[in-house]
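Q: Please take a close look at the surroundings of the ligand in this model. I would like a connected account of the residues there and of the backbone next to them.

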Amino acid sequence: MTNDHQHFIPFPSKTETELRVIKMGEEVILLDFWSSPFGMRVRIALAEKGIDYEEREENLNNKSSLLLKMNPIHKQIPVLIHKGRPICESMIIVQYIDEVWQNKVSLMPSDPYDKAIARFWADYIDKKIYSIGKLVWVSEGEVQEAAKKELVECFKLLEKELGDKHFFGGQNLNIVDVALIPFYTWFYALETCGNFSIVEECPHLVGWAKRCMDKQTVSNSLPDQYKIYTHLLELRNQHLAHLKG
Ligand SMILES: N[C@@H](CCC(=O)N[C@@H](CS)C(=O)NCC(=O)O)C(=O)O
């Protein structure tokens, strides 16, 4: 056999093999559920960074053994599995993504004080918007009225923090935008169930949400508001039926 034959050996070149190994090592899997605002945060962060990943849709009524193994504490989605290792809790995942893939846009301000402020608002959103928003679409009467009032107060505070900026992160999205924008998919359900207009109460916040939706990384990561409305109505009916015993 002469050396020339080596050119015809049907195996990948060393470089291709190396690339394949790198690709396997970089394997990214997202355990997700389509309507989850927490899953949406991770989808947006991955899209902003341009990362290829495999999305695995969970059945939350019959969780996969992989989910139970990867998030044994909370048993919740989203879970990001990177190189075989799990990362749980949406905002922790978003910050992990930002730190690991630093070559693209940054979702976190570089200045330590600005970073602390961004974390403060992301945490505020985490503590308030899901629970108060859910009360608006799930409850009735006085409880719903109080929740509506509180939600509008939260949104107005966020509008104030946004100020004249394009996004919370300025010209680019930061973790505050990523934390909040998934709840835009709830707006139609909130307005219809709560019989109020968010755009009348908080026009600047709706303007911000539309600017976010102009970005494909956001709009491709979020489900349709009407589909969410139908889904939340189902959850609402299940909840009310459960209460009535
Ligand atoms: N704090 C968590 C919340 C995640 C969460 O609530 N996930 C829900 C779906 S929206 C879930 O997995 N629910 C199933 C369960 O709790 O059994 C995060 O930010 O990731």
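A: The following account begins with the ligand and then turns to the backbone and to a pair of helices. The model is a predicted one.

The shell around the ligand consists of Phe33, Ser36, Phe38, Leu60, Lys75, Gln76, Ile77, Pro78, Glu89 and Ser90. Sorted by class, this shell holds five nonpolar, three polar and two charged residues.

Two members of the shell, Ile77 and Pro78, are joined by a cis peptide bond, with omega about 0 degrees. Most peptide bonds are trans, and most residues other than glycine have a negative phi. Pro78 belongs to the loop between helix H3 (65–70) and strand E3 (79–82).

Glu89, another residue around the ligand, has a positive phi of about 80 degrees although it is not a glycine. Glu89 is located in the loop between E4 and helix H4 (90–100).

Lys83 sits in the loop between E3 and strand E4 (85–88). Lys83 has 10 other C-beta atoms within 10 Å and is therefore exposed, since 12 or fewer is the limit for that class.

Elsewhere in the chain, Glu54 is part of strand E2 (residues 54–57). Glu54 is likewise exposed, because 10 other C-beta atoms lie within 10 Å. The C-alpha atom of Glu54 is separated by 6.2 Å from that of Leu30, although the two residues are 24 residues apart along the chain.

Two packed helices are described by the angle between their axes and the distance between the axes. For helix H8 (residues 187–194) and helix H12 (residues 225–243), the packing angle is about 50 degrees and the axes are 7 Å apart. H8 and H12 are therefore oblique to each other, and their crossing is right-handed. On the H8 side, the contact is made by Phe187, Tyr188, Ala189 and Thr192, while H12 contributes Gln225, Tyr226, Ile228, Tyr229 and Leu232. Seven of the residues in the contact of H8 with H12 are nonpolar and two are polar, with no charged residue. The shell around the ligand, by contrast, includes two charged residues.

Technical notes
Residues numbered from 1 in each chain as written. Predicted model: local features only at pLDDT ≥ 70, side-chain atom pairs only at ≥ 80, totals over all residues. Near = placed C-beta within 6 Å. Nonpolar A, V, L, I, M, F, W, Y, C, P; charged D, E, K, R; others polar. Helix = DSSP H or I, 4+ residues; strand = E, 2+ residues; numbered from the N terminus. Buried ≥ 20, exposed ≤ 12 C-beta atoms within 10 Å, placed from the backbone. Axes fitted to C-alpha atoms, helices over the stretch in contact; angles between N-to-C directions. Parallel < 35°, antiparallel > 145°, perpendicular 65-115°, else oblique. Left-handed = near helix turned anticlockwise from the far one by under 90°. Contact = placed C-beta atoms within 7 Å.
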